[in-house]
Amino acid sequence: MKYVTEYRDAKLVQGVIEEIRRIVTRQWVIMEICGGQTHAIVRHGIDQLLPPEIELVHGPGCPVCVTPLELIDKALAIASRPDVIFTSYGDMLRVPGSGRDLFSVRASGGDVRVVYSPLDAVKIAQQNPDKQVVFFAIGFETTAPPNVMSVMQAKSLGVKNYSILVSHVCVPPAMHAILGSPANRVQGFLLAGHVCAVMGYWEYPPLAEKYRVPMAVTGFEPLDIAQGILTVTRALEENRIQVENAYPRVVTLEGNKSAQQMIEKIFMQCDRKWRGIGTIPMSGWQLRPEFDEFNAEKRFDVGEIKTQESPLCIAGKILQGLSKPHDCSAFGTQCTPEHPLGATMVSAEGACAAYYKYGRHEMRDA
Ligand code: SF4
């Protein structure tokens with residue numbers, strides 16, 4: 001397939017890795033911000049092909065992983081109501097709340113459905129006028145446009161029984177929090193190509209400049225990732241603080257202006273809590289007050305919610321690049337994809353799930 005197979009060519013990837021090996025002279029810590037990139041790196045063993053001077057750490061760019069426990073518990077409470085059809089992307093169903101997950105709500109009679117788009121949830125609302133239909137609108141900048149479209153469509157069609165439970169988070173404030181922390185180890189960033197496809201990468205140069213950290217917009221295929229690492233390594237070695245685009249076949253500096261305008265019309269910035277990390281100021285989006293009628297948190301009063309994380313889970317440290325999954329004492333023993341203690345073991349983009357799926361727990365035990 002054009003634009004995919006050529007980016008999976010092992011010889012080309014090896015060539016880029018050789019170039020990294022040739023230019024690197026000292027230790028560098030580079031963070032890939034996106035969980036999709038983490039999975040590609042672990043799946044293709046790119047971290048193991050790199051010279052020992054380059055350490056990759058895994059960032060918070062996994063929407064399922066950072067959705068706060070309180071909101072998952074809220075989702076569970078709403079989904080348990082007999083008058084509600086609760087809709088979500090599939091990977092949220094197994095994410096543990098304080099005591100259970102959406103699968104167990106479904107097993108006990110709740111109407112929980114997997115959809116591939118929030119527009120499908122609007123259709124379900126039209127087909128079930130006697131029910132309240134809620135979509136679990138989580139994600140980074142990438143998933144905001146379809147969520148926004150669903151609200152616009154419900155409004156224009158006069159669908160009154162549709163609402164969204166919003167937990168949108170944004171990449172730049174999270175990077176600001178990581179880089180501003182006294183414990184920070186990150187010296188260079190691979191930026192998430194799909195986020196930049198929507199938002200462009202004009203927001204990042206001030207961040208790079210402020211913290212003296214080079215960055216490369218990076219795609220998701222092995223060659224894209226190797227090129228992103230080479231771009232950042234070269235900048236680090238040459239002491240150049242730049243934001244470079246290593247994914248130009250998809251990303252432009254400005255991004256998708258019409259998507260940005262749509263988002264701006266429906267959402268406004270707000271403080272957001274990140275699971276395992278805490279509240280990051282102005283790091284998310286919420287519905288503007290004029291769209292309150294589509295706000296599930298306002299539509300359903302679920303009362304006070306008390307949450308409790310597993311004391312064993314160190315996902316917050318992993319998501320900030322301070323630990324790796326096999327540093328967790330529960331990894332692969334008490335915590336597995338079948339019995340997850342934290343969201344990073346469940347999500348298709350979670351670092352713990354990637355390490356488990358591609359056999360890193362077996363390597364630890366060896
Ligand atoms: S292995 Fe499980 S308990 Fe440990 S950090 Fe990952 S999700 Fe949390």
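Author: Two strands count as paired if DSSP finds at least two bridges between them. Strands (E, at least two residues) and helices (H or I, at least four) are DSSP runs, numbered from the N terminus. This is a predicted model, where local features need pLDDT of at least 70, side-chain atom pairs count only at pLDDT 80 or more, and totals for chains, interfaces and linings use all residues. Residues are numbered from 1 along each chain as its sequence is written, and side-chain values use heavy atoms, with hydrogens and water left out.

Reader: OK, so in what order do the six strands of the open sheet come?

Author: Read across, they go S4-S3-S5-S6-S11-S10, with mixed pairing. At the edges you'll find S4 (111-114) and S10 (267-274), each pairing on one side only. Neighbours in this sheet are turned by 25° on average, direction ignored; axes are lines fitted to C-alpha atoms (for helices, over the stretch in contact), and angles run from 0 to 180 degrees between N-to-C directions.

Reader: Which helix packs on that sheet?

Author: Helix H13 (257-266), touching S10 and S11 (278-287), where contact means heavy atoms within 4.5 Å. Its direction makes about 80° with that of S10. Elsewhere in the sheet, S3 (84-88) and S5 (132-139) run parallel over four bridges, with Ile85 opposite Val133 in S5.

Reader: And what is the order in the open sheet of five strands?

Author: That one goes S2-S1-S7-S8-S9, with parallel pairing. S2 (54-61) and S9 (243-245) have a single partner strand each, so one side of each has no neighbour in the sheet. Helix H12 (222-237) packs here, touching S1, S2, S7, S8 (215-218) and S9, and its direction makes about 170° with that of S8. Three bridges join S1 (28-34) to S7 (188-192), and Glu32 has Leu190 in S7 as its bridge partner.

Reader: Which residues are around the ligand?

Author: Counting a residue as near if one of its heavy atoms lies within 4 Å, the shell includes Cys313, Ile318, Phe331, Gly342, Thr344 and Met345.
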